[in-house]
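Here is a briefing on one protein model. Look over the sequence and the fold, then read on.

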Amino acid sequence: MPSGNKRNTPKLADWLVSKFISKRLLEEFYGDLQEIYDGRISARGRVYANIMYWIDILHLMLGFASFKTSKRQNNPLVMHRHYLVVSIRNLARTKIYSLVNILSLAIGMGAALTIFQYIYFELSYDKFHDNIENIYRISIDKVQSQGDPYPYPYETGYAVGVTAKSEIPEIDQYIRLHKYSGGATVSNSVQNKTFTEDALDILFVDKTFLKVFYFPLKLGEAEVVFNDKLSIVITEEMAQKYFGSENPMGKVLTLSGGVSPGNYTVTGILDPPSVNSHLQFKFLLPLENYMEYGWGGAAIKNDDGWSS
């Protein structure tokens with residue numbers, strides 16, 4: 001204890017605390033403990049102050065472990081205040097060092113959380129579908145005439161699903177998809193709205209598409225939306241784009257150009273696909289439309305649907 005420092009606290013306790021606290025911090029501890037000690041003398045007397053002082057010192061010696069001597073004991077709260085005061089003083093005394101440490105911790109935690117979120121997002125792809133563990137995508141392992149691997153292994157013939165379901169009892173449903181191609185201009189002639197759409201945002205799908213995959217309809221019934229070959233299901237975003245505040249159900253959209261132009265009746269409105277879905281689209285058309293009208297029905301005529 002520094003010379004000339006007048007203290008009336010138990011000397012043995014002061015000596016013990018000097019063995020556990022560095023000299024750099026000792027004066028601050030003594031000052032805070034003296035202030036608490038004097039307050040207890042005024043409130044409860046010297047005997048109570050001495051007892052509580054020793055308890056404070058024992059807490060310090062035991063690694064600041066808090067324990068209660070009775071139900072009325074409030075010493076842990078006092079010590080926590082003391083620790084907070086000392087921590088703030090240390091931060092203020094070493095501003096640059098503390099700032100570097102705090103920033104490093106914050107950046108490290110931020111980077112770790114970002115990496116965790118990215119991994120979680122990647123692993124969540126298509127997991128929102130019901131019964132996802134029983135949904136599989138078929139790929140074809142074949143080579144081109146020159147002996148090179150076929151560059152599009154997920155392109156299969158239309159007969160694959162039909163034949164597989166008929167010959168393999170474990171297959172409950174099959175879903176075939178085909179991207180619209182050749183460019184597409186979509187228009188609502190009543191409201192004189194015409195836009196060029198990315199052909200990749202238009203999908204031909206089987207009737208079972210909305211039964212197997214979880215893309216909930218806001219309007220329409222999944223069992224009947226594709227019953228007509230000239231029906232079309234659109235996202236809520238496209239409904240707002242082409243029909244504004246009007247109810248689009250039963251209205252007509254005209255597709256010009258591309259694989260299967262024609263007048264299509266809106267039979268369903270759905271939410272846009274989630275960003276963690278590998279299937280992205282804005283318009284859905286019946287696959288039967290493509291097989292009957294697309295390019296003159298060339299797909300089904302080509303090798304009886306076995307050619308991809």
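A contact means heavy atoms within 4.5 Å. Among contacts between residues at least 6 apart in sequence, 65% join residues at least 24 apart. This is a predicted model, where local features need pLDDT of at least 70, side-chain atom pairs count only at pLDDT 80 or more, and totals for chains, interfaces and linings use all residues. Residues are numbered from 1 along each chain as its sequence is written, and side-chain values use heavy atoms, with hydrogens and water left out.

**Overall**
- The protein has ten helices and nine strands (DSSP runs: H or I, at least four residues, for helices; E, at least two, for strands; numbered from the N terminus).
- Of the 308 residues, 34% are buried (under 20% relative accessible area, 1.4 Å probe, protein chains only).

**Hairpin**
- Strands E2 (residues 184-188) and E3 (residues 193-197) pair in the antiparallel sense over five bridges (pairing needs at least two DSSP bridges).
- Asn-188 stands opposite Lys-193 in E3.
- Four residues lie between the strands, and Asn-192 takes a positive phi near 55°.

**Nonpolar cores**
- A nonpolar core is a set of buried Ala, Val, Leu, Ile, Met, Phe, Trp, Tyr and Cys residues joined through side-chain atoms within 4.5 Å.
- The largest has 24 residues; Tyr-180, Ile-232 and Leu-285 are among those with the most contacts inside it.
- Elements giving it two or more residues include E2, strand E6 (231-235) and helix H8 (236-243).
- H8 gives the most, with four residues.
- Another core, of 14 residues, lies apart and includes Phe-209 and Phe-281.

Methods: Buried < 20%, exposed > 50% of the residue type's maximum accessible area, 1.4 Å probe, protein only.
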